[in-house]
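Dear colleague,

Please find the structure below, with its sequence. My notes on it follow.

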Amino acid sequence: MRPQPQIQTPNPAAVRHTPSEDLQALFVGCLFVALSLCFFRETRLLTGGITGLSFLVHYLGHWPLGAVLFVINLPFYVFAWLAMGKVFTLKSFAAVGLLSLLAEFVPTLVRFEQVDPVFSAGIAGLLAGIGILILIRHGASLGGLGVMALYLQKTRGWRAGTVQMIADVLILGLALLVLPPDKVLLSVLSAVALNFVIAVNHRPDRYFGF
């Protein structure tokens, strides 16, 4: 009998990202997400999670989106620290801080003459998904409900995906108090596009970088 070939699994320690790679990933990932926020604001849409909640506060109070995003995320760093550790929390804090700045700076560089709302919803979700995917692969996140969901999964046994989904449904439901139904439906489309990118492309069994 011929011996079966052995599958060589990459050693995670051998492909660990360098600090410079992490820095460029934080910048590029946040830049993609900041560009997606331009599409959301231009067509008055939102997404799920803390970003969606920040948009609701922004639309209602007309406060700067970047500042709202940064402040609302502050309590969730406790969950990040408890669930994912110090390095993840510090990277996520840096990512949220950078996104908060870019959320106000990037719109000064972009002008839209005409944007189809359906296209805006789709491309915004895809851009945000790509940006978040880059951050995930470099051990960071944009904080918020995702890390709280991971904490509850770790301490209470609640499935993180279910917690996140329920939270997104509640936030998009609250959007009906602020936005017309057609805008909320387009926002749901955007959230689907975002999660589609992450679900298809983030496979831990295929990606070994840290």
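By the rule applied here, which takes a disulfide as a pair of cysteine sulfur atoms within 2.5 Å, the count is zero disulfides. Two cysteines may be noted individually. C30 counts as buried because its relative accessibility is 0%, and C38 counts as buried at 6%; buried means under 20% relative accessible area, with a 1.4 Å probe and protein chains only.

Please note that this is a predicted model, in which local features need pLDDT of at least 70 and side-chain atom pairs count only at pLDDT 80 or more, while totals for chains, interfaces and linings use all residues. Residues are numbered from 1 along each chain as its sequence is written, and side-chain values use heavy atoms, leaving out hydrogens and water.

Leaving aside residues up to four places away in sequence, L46 touches F40, G52, F55, L56, L172, A175, L179 and S187, where contact means heavy atoms within 4.5 Å.

Helices α3 (residues 65–73) and α5 (residues 86–105) pack at an angle of about 160°, their axes lying 7 Å apart. These axes are lines fitted to C-alpha atoms over the stretch in contact, and angles run from 0 to 180 degrees between N-to-C directions. The two helices, α3 and α5, are therefore roughly antiparallel, a term for angles over 145 degrees. In α3, L65, G66, L69, F70 and N73 meet F93, V96, G97, L99, S100, A103 and E104 of α5.

Yours sincerely

Definitions and conventions: Buried < 20%, exposed > 50% of the residue type's maximum accessible area, 1.4 Å probe, protein only. Helix = DSSP H or I, 4+ residues; strand = E, 2+ residues; numbered from the N terminus. Parallel < 35°, antiparallel > 145°, perpendicular 65-115°, else oblique.
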